[in-house]
Amino acid sequence: MAAVLRRGFRLVSFGSSQLLCGGCKHGRTSSLSICSTSSRNSSSSSSSSSSHVKVDLDGSTGIAVVKFQSSPVNSMSLDFLTELCISLEKLELDRSCRGVILTSALPKIFSAGLDITEMYGKNPEHYAEFWKSVQEIWLKVYGYSKIAIAAINGSSPAGGCLVSMACDYRIMADDPRYRIGLNEAQLGIVAPFWFKDTMVNTVGFRTTELSLQFGLMYSPSDALKIGLVDQVVPEENVLSTATETITKWLAIPDHAREISKSMMRKPMVDRLLASRESDIKNFVNFITKDSIQKSLGFYMNSLKQRKA
Ligand SMILES: CC/C=C\C/C=C\C/C=C\C=C\CC(=O)SCCNC(=O)CCNC(=O)[C@H](O)C(C)(C)COP(=O)(O)OP(=O)(O)OC[C@H]1O[C@@H](n2cnc3c(N)ncnc32)[C@H](O)[C@@H]1OP(=O)(O)O
């Protein structure tokens, strides 16, 4: 595993094409992975669990279910992002896995997006490390060589929406209380170009323009209308529908699907890979501004007061 973690991003030759293969490099990975437990049975099915992520791989179907289990709202902290990246990397390297379903083990929430406490009141070094891990999860999911389906069984703002959009297909629970979208503007922050481009590639330019400027959050039925999700189904059917859906994708020869995906996504992945350092600098400059810290503090208080 350590070798895998040291390795960085690379291109793997596949016939005449090169596929993307990510590496999760946080430098803090070994202590996190040591905490995980895993088991494997005779049919090569396996389960593993760490504090934020649980993985069940069915060796007979090749389908892995990756569940977010970071109470209370699956906010994406540095630890969460690191564990998720490691889990996905392990599955990507596991020949018995052909596709993953990302979902939540918590009720009502897929993910609350990036953990705001990682972006508030900390030092520039911390912000840089955190942002690098956000880049890494996007590079991992968007450039994933295997099939990735989001089974969105709860609200999914901002970073939660980004990870969903980075998957190949999205199925959302039909509860009208749930919301999904890039709401950054409502927090007084700005989605970076790769968030924006991911949304443009999902729902088109005009819808993204309106969504980003207003920080719009969509109900499942509205998300379906604009193409932000591909299917809306009763909550109890989200996981079974995701499993049926991934089974259809599995009928396509892996190499043809993988190369087609890479052809569509590689230019965007390359764009971030080429500008990672400047993107981190932009983020740190932006997030350390007094006015932005003030907005985030205000937003966090409003979340707490809403509850009171
Ligand atoms: C020019 C550009 C250059 C560079 C780019 C610059 C900047 C880009 C920067 C950042 C991009 C960020 C993307 C993000 O993901 S930001 C996060 C956005 N997320 C949200 O807005 C979600 C906020 N949360 C909610 O709406 C709700 O909590 C909920 C719908 C997810 C769940 O509602 P519930 O009623 O079930 O639960 P709550 O009582 O509200 O929450 C419980 C508990 O959790 C805390 N919390 C909620 N969300 C977060 C979060 N995202 N991070 C940290 N903590 C969160 C909430 O405060 C409660 O805490 P307490 O129990 O009160 O302590």
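Three helices, α6 (184–187), α12 (276–287) and α13 (290–307), each supply at least two residues of the shell around the ligand. The structure is a predicted model, with an ipTM of 0.98 and a pTM of 0.92.

**Ligand shell**
- Around the ligand there are 27 residues, of which Ala112, Gly113, Leu114, Ala158 and Gly159 come nearest.
- Sorted by class, the shell holds 15 nonpolar, seven polar and five charged residues.

**Helices α3 and α4**
- Two packed helices are described by the angle between their axes and by the distance between those axes.
- Helix α3 (residues 78–93) packs against helix α4 (residues 124–142) at an angle of about 30°, and the axes are 9 Å apart.
- Because angles under 35 degrees count as roughly parallel, α3 is roughly parallel to α4.
- The crossing of α3 with α4 is left-handed.
- On the α3 side, the contact is made by Leu78, Leu81, Thr82, Leu84, Cys85, Leu88 and Glu89.
- On the α4 side, the contact is made by Glu129, Phe130, Ser133, Val134, Glu136, Ile137, Lys140 and Val141.
- The residues of this contact between α3 and α4 comprise nine nonpolar, two polar and four charged.

**Helices α4 and α12**
- The axes of α4 and α12 cross at roughly 130° and come within 9 Å.
- That angle makes α4 oblique to α12.
- The crossing of α4 and α12 is right-handed.
- From α4, the residues Pro124, Tyr127, Ala128, Trp131, Lys132 and Gln135 take part in the contact.
- They meet Arg276, Asp279, Ile280, Phe283, Val284 and Ile287 of α12.
- By class, the residues of the contact of α4 with α12 are eight nonpolar, one polar and three charged.

**The loop between β6 and α3**
- Most residues other than glycine have a negative phi, and most peptide bonds are trans.
- Ser71 and Pro72 are joined by a cis peptide bond, with omega about 5°.
- Pro72 lies in the loop between β6 (63–68) and α3.
- Asn74 is not a glycine, yet has a positive phi of about 50°.
- Asn74 is also placed in the loop between β6 and α3.

**Confidence**
- The protein chain has an average pLDDT of 90, and 87% of the residues score at least 70.
- Over residues 1–22 the pLDDT is below 50.
- Beyond near neighbours in sequence, this stretch, residues 1–22, has 43 contacts in the model.
- Where pLDDT is low, the predicted coordinates should not be read in detail.

Definitions and conventions:
Residues numbered from 1 in each chain as written. Predicted model: local features only at pLDDT ≥ 70, side-chain atom pairs only at ≥ 80, totals over all residues. Near = placed C-beta within 6 Å. Helix = DSSP H or I, 4+ residues; strand = E, 2+ residues; numbered from the N terminus. Nonpolar A, V, L, I, M, F, W, Y, C, P; charged D, E, K, R; others polar. Axes fitted to C-alpha atoms, helices over the stretch in contact; angles between N-to-C directions. Parallel < 35°, antiparallel > 145°, perpendicular 65-115°, else oblique. Left-handed = near helix turned anticlockwise from the far one by under 90°. Contact = placed C-beta atoms within 7 Å. pLDDT = per-residue confidence, 0-100.
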